[in-house]
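Please walk me through this structure, step by step.

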Amino acid sequence: MSAILSTVAINVASHPFVYVRTLIQLGHEPIAPVDAVTLFGHKGQKLPGFFTYVAHIRKTDGFFGMYKGLTPRIIQSIISSNINTSVLKVFTDGAHDEEEDKVPETITEEIKIFAIKTSEQCIASMTAVTVAYPFHVISVRMMAQFVGHETVYKGVISSISEIYKEEGIKGFFSGLIPRLTAEFISVWVYNMLLYTAQKYIANAGTKKENQLYLQAISNYIAGYITYPFTLVSNIMAVNNCGLAAGAPPNMVFYSNWQECMLSLRSQGEIRRGSSLFRRFIKS
């Protein structure tokens with residue numbers, strides 16, 4: 001119960017940030033840019049940061065309007081966490097558990113154990129993402145309704161019915177492939193960075209504070225590398241779904257997620273939404 005309450009609290013506290021980021025990722029800029037100076041002293045057009053953007057949402061939809069999409073996001077987090085833990089437990093209780101407990105005597109054995117553990121984490125994480133993904137789609141679409149002021153997706157049950165009626169089962173998994181790609185790369189990059197740092201940096205893994213720093217840095221780098229896939233996943237979750245946010249003139253129709261990624265790269269928008277604060281229009 002404490003784990004569930006913790007999950008709910010974290011999601012409630014972070015949701016306005018997620019909401020603003022999602023709208024920016026979808027390319028929705030309702031507030032005109034203003035003249036400003038960059039950190040390097042160059043003049044430019046500054047886009048609204050988080051506080052200005054969230055104030056606009058609150059002014060438009062009221063205080064509770066800042067929490068559209070929160071309920072399915074909480075459900076997604078709880079399901080994902082439980083599935084991830086359950087799958088890892090299956091591996092832990094598996095036949096090769098005794099082999100993993102042995103201290104590796106050679107570099108080959110050490111790499112083998114590392115690869116096995118990372119593969120298990122990867123499978124657990126990707127399974128959790130897949131099972132909980134329909135609620136992610138519902139959450140993103142609830143937030144995306146702000147663009148066209150729609151009310152198609154109201155509650156979780158009615159949203160499930162709406163998606164199934166209009167798109168069938170595949171609608172619940174719009175944008176899943178780039179999301180799984182991000183998860184796969186993220187787990188491997190994170191573990192490889194952590195493994196390398198602990199093995200080759202003197203005393204890196206001997207102190208708890210060092211361990212926390214290494215985990216934070218590894219997580220940041222993994223997130224930075226995989227961000228384009230996360231961005232494309234959210235865009236494809238909305239693209240051509242019947243909402244104004246996923247249709248022209250707000251968004252072009254994409255035939256697949258690869259086309260979406262290539263389009264964003266060509267426009268220099270592949271990291272759109274990665275920053276919520278000092279945002280400038282690229283000249």
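C241 counts as buried, because its relative accessibility is 13%, and the cut-off for buried is under 20%. The model described here is a predicted one. For C241, the closest cysteine sulfur belongs to C260, and at 13 Å it is too far for a bond. A disulfide would need the two sulfur atoms within 2.5 Å. The structure as a whole holds 0 disulfides. Another cysteine, C122, is also counted as buried, because its relative accessibility is 3%.

N240 is not a glycine, yet its phi is positive, at about 55°. N240 sits in the loop between α8 and α9. That loop also contains P249, and the peptide bond that joins P248 and P249 is cis, with omega at about 5°.

A positive phi turns up elsewhere too. H149, a residue other than glycine, has a phi near 55°. H149 belongs to the loop between α5 and α6, the latter helix covering residues 156-167. Is H149 buried or exposed? H149 counts as exposed, since its relative accessibility is 56% and the cut-off for exposed is over 50%.

The next topic is how helices pack. Two packed helices are described by the angle between their axes and the distance between the axes. Helix α3 spans residues 70-92 and helix α5 spans residues 107-148; their axes come within 8 Å and cross at roughly 170°. Because of that angle, α3 is roughly antiparallel to α5. Where α3 meets α5, the residues of the contact comprise 15 nonpolar, 8 polar and 2 charged.

V232 counts as buried, because its relative accessibility is 0%. Between V232 and L264 there are 8.6 Å in space, C-alpha to C-alpha, although the two are 32 residues apart in sequence.

The empty spaces come last. Rolling a probe the size of a water molecule over the atoms shows where empty space is left. The largest pocket holds about 1,500 Å³ of space. Its lining is made up of 41 residues, and R73, Q76, R179, E183 and T230 are the closest to the centre. Which helices each supply at least two residues of this lining? They are α1 (2-25), α3, α5, α7 (176-200) and α8 (208-238). The largest share comes from α8, with 10 residues. By residue type, the lining of the largest pocket divides into 15 nonpolar, 21 polar and 5 charged.

The second largest pocket has a volume of about 410 Å³. It is lined by 17 residues, and those nearest its centre are L47, E269, R272, R279 and F280. The lining of the second largest pocket contains 5 nonpolar, 5 polar and 7 charged residues.

To go back over the main points, helices α3 and α5 cross at roughly 170°, and α3 is among the helices that supply at least two residues of the lining of the largest pocket. In the loop between α8 and α9 lie N240 and P249.

How values were computed. Residues are numbered from 1 along each chain as its sequence is written. This is a predicted model: local features need pLDDT of at least 70, side-chain atom pairs count only at pLDDT 80 or more; totals for chains, interfaces and linings use all residues. Side-chain values use heavy atoms; hydrogens and water are left out. Axes are lines fitted to C-alpha atoms, for helices over the stretch in contact, and angles run from 0 to 180 degrees between N-to-C directions. Helices (H or I, at least four residues) and strands (E, at least two) are DSSP runs, numbered from the N terminus. Angles under 35 degrees count as roughly parallel, over 145 as roughly antiparallel, 65 to 115 as roughly perpendicular and the rest as oblique. Ala, Val, Leu, Ile, Met, Phe, Trp, Tyr, Cys and Pro count as nonpolar, Asp, Glu, Lys and Arg as charged, and the others, Gly among them, as polar. On a 1 Å grid over the protein atoms alone, a cavity is a set of points where a 1.4 Å probe fits but cannot get out, and a pocket is an open set with protein on both sides within 12 Å along at least five of seven lines; lining residues have an atom within 4 Å of a point. Grid points are joined across faces, edges and corners, and a volume is the space filled by probe spheres set on the points. Buried means under 20% relative accessible area, exposed over 50%, partly exposed in between (1.4 Å probe, protein chains only).
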